[in-house]
Amino acid sequence: MKKGIVCFFVFSAWLIPKLIIAQTVDKNATKETRNLLANLHKQAGKGILFGHQDDLAYGVGWKYEAGRSDVKETTGQLPAVYGWELGRIEMDAPVNLDGVPFDKMKQFITTAYESGSVVTISWHLNNPLTGKTAWDPSPGTVEAILPGGQKNELYKTWLDKVAAFMLDLKGKKGEYIPVIFRPFHELNGSWFWWGKNHCTPEQIKQLYRFTETYLEETKNVHNLLYAYNTDRFTASEDYLERYPGDDYVDVIGFDIYQKGDILANDKFITETDKSLSLIEKIAVFKNKIPALTEFGYKTVPDAQWWTDVLAKALKNHTIAYMLAWRNAGRKSKNEIEFYVPYRGQVSAANFKKFSMMNTMIFEKKVAKKKLYTK
Ligand code: BMA
């Protein structure tokens, strides 16, 4: 084939997805959910929505104190994205695996939605085969919950509970609150039972598709955008190995944490920058929303980390949002866990500076965007 013709085909393959207006993978998605998707698409290159897991529930040294938020207390503003977690809902527990009561979570979600912010939900569901936690990688679990498997009926009852939660999220006019749901996150790692070494790519793809189809078609849940979410990765093939298909994914993202001491800064910048470039390319090609679905540097020991490391990694990137992991606080005598600073923490002033960058979007700027309207 002539070079010109080849170029034409390559160019068309790149251009055509962009000419087609992005649609939710759920063809019956509610109006607000469709608007959120369209608006997050438009967001590319116009700044990044900053998010924090469990932000309103607790922080370092406090729990359930109305009006508190470590992000607000250090930057002066609430985040633009709120992450929440459903683990243990499948057991009918009143609180999730991190102690957050589900009824409080619903209220926090409603407040966030009414203020124009975005909600994303993960699910560290127990192992349905053994009854142990998400971190119990007993072999054969994914296979067991697929249709035809011995635990498929049980898994469906768990999805019924997720569906009931999602359908209980309503705004003032009775409209369902859109949620970015990211099931089976970090699926290219092997620490969860749905991880790489515990099932084949085909099995996890099937599970992802089954989950989504069941929620949409059997449970009539139409307020979800679906996120496909790996852990750190090295190449597109690695990233896409377990991708369930364009018809099942609205948001594509990955999780990345800086490990080790400050000397690891450069490595974190290079790796994050490269991975962001890769998912942004995939997102453009597939017409999906790119996001940094989880990130952090535990206890942020570097006073300048936000502007001198993270901002460098994010420079020129077009992801729609990013989510810092939770400020659990003291977990034991030897462990304290937090990813955004609290008042007085060594990186607090620098975090405020970071929050004021043009490219960063917190509570005030996100409200103006009216993400749920056309
Ligand atoms: C992990 C830790 C755990 C927590 C889990 C699920 O990264 O923060 O303490 O239980 O996430 O939220």
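This is a predicted model: local features need pLDDT of at least 70, side-chain atom pairs count only at pLDDT 80 or more; totals for chains, interfaces and linings use all residues.
Asn-327 belongs to the loop between strand S10 and strand S11 (329-332). A second polar contact, also given as 2.9 Å, joins the side chain of Asn-327 to the side chain of Asp-70. When neighbours within four places in sequence are left aside, Asn-327 is in contact with His-52, Tyr-58, Gly-59, Val-60, Asp-70, Glu-337, Phe-338, Tyr-339, Val-340 and Pro-341. With a relative accessibility of 0%, Asn-327 counts as buried, because buried means under 20% relative accessible area.

**The ligand and its surroundings**

One of the contacts of Asn-327, Glu-337, is also among the residues around the ligand, which are Leu-97, Asp-98, His-124, Trp-135, Trp-325, Arg-326, Lys-331 and Glu-337. Sorted by class, this shell consists of three nonpolar residues, one polar residue and four charged residues.

| Residue | Distance from its side-chain N or O atom to a ligand oxygen atom |
|---|---|
| Asp-98 | 2.5 Å |
| Trp-325 | 3.1 Å |
| Arg-326 | 2.7 Å |

Taken alone, the ligand would expose 310 Å², and the protein buries 78% of that area.

Most residues other than glycine have a negative phi. Phe-184 lies in the loop between strand S6 (179-182) and helix H7 (201-218), and with a relative accessible area of 1% Phe-184 is buried.

Asn-316 is likewise a residue other than glycine with a positive phi, here near 65°. Asn-316 is found in the loop between helix H10 (305-314) and strand S10 (321-324). Is Asn-316 buried or exposed? Its relative accessible area is 71%, and Asn-316 is therefore exposed, since that term applies to values over 50%.

**An enclosed strand**

Strand S9 spans residues 289-297, and nine of its nine residues are buried, so the strand is largely enclosed by the rest of the structure. Strand S9 is joined to strand S8 (residues 251-258) by eight bridges, and the two strands run parallel. As one example of this pairing, Gln-258 has Tyr-297 in S9 as its bridge partner. As a general point for looking at such elements, the side chains in a regular strand alternate between the two faces of the sheet.

With a relative accessible area of 7%, Asn-152 is buried. Which residues does Asn-152 touch, if those up to four places away in sequence are not counted? They are Ala-144, Ile-145, Leu-146, Pro-147 and Phe-210. Asn-152 and Thr-272 are 120 residues apart along the chain, and their C-alpha atoms are separated by 37 Å.

Notes. Residues are numbered from 1 along each chain as its sequence is written. Side-chain values use heavy atoms; hydrogens and water are left out. A residue is near a molecule or strand if one of its heavy atoms lies within 4 Å of it. A polar contact is a pair of N or O atoms within 3.5 Å; within protein, one must be able to donate a hydrogen and the other to accept it, and residues adjacent in sequence count only if both atoms are side-chain atoms. Accessible areas come from the Shrake-Rupley method with a 1.4 Å probe; for residues, only the protein chains shown count as cover. Ala, Val, Leu, Ile, Met, Phe, Trp, Tyr, Cys and Pro count as nonpolar, Asp, Glu, Lys and Arg as charged, and the others, Gly among them, as polar. Buried means under 20% relative accessible area, exposed over 50%, partly exposed in between (1.4 Å probe, protein chains only). Contact means heavy atoms within 4.5 Å. Helices (H or I, at least four residues) and strands (E, at least two) are DSSP runs, numbered from the N terminus. Two strands pair if DSSP finds at least two bridges between them.
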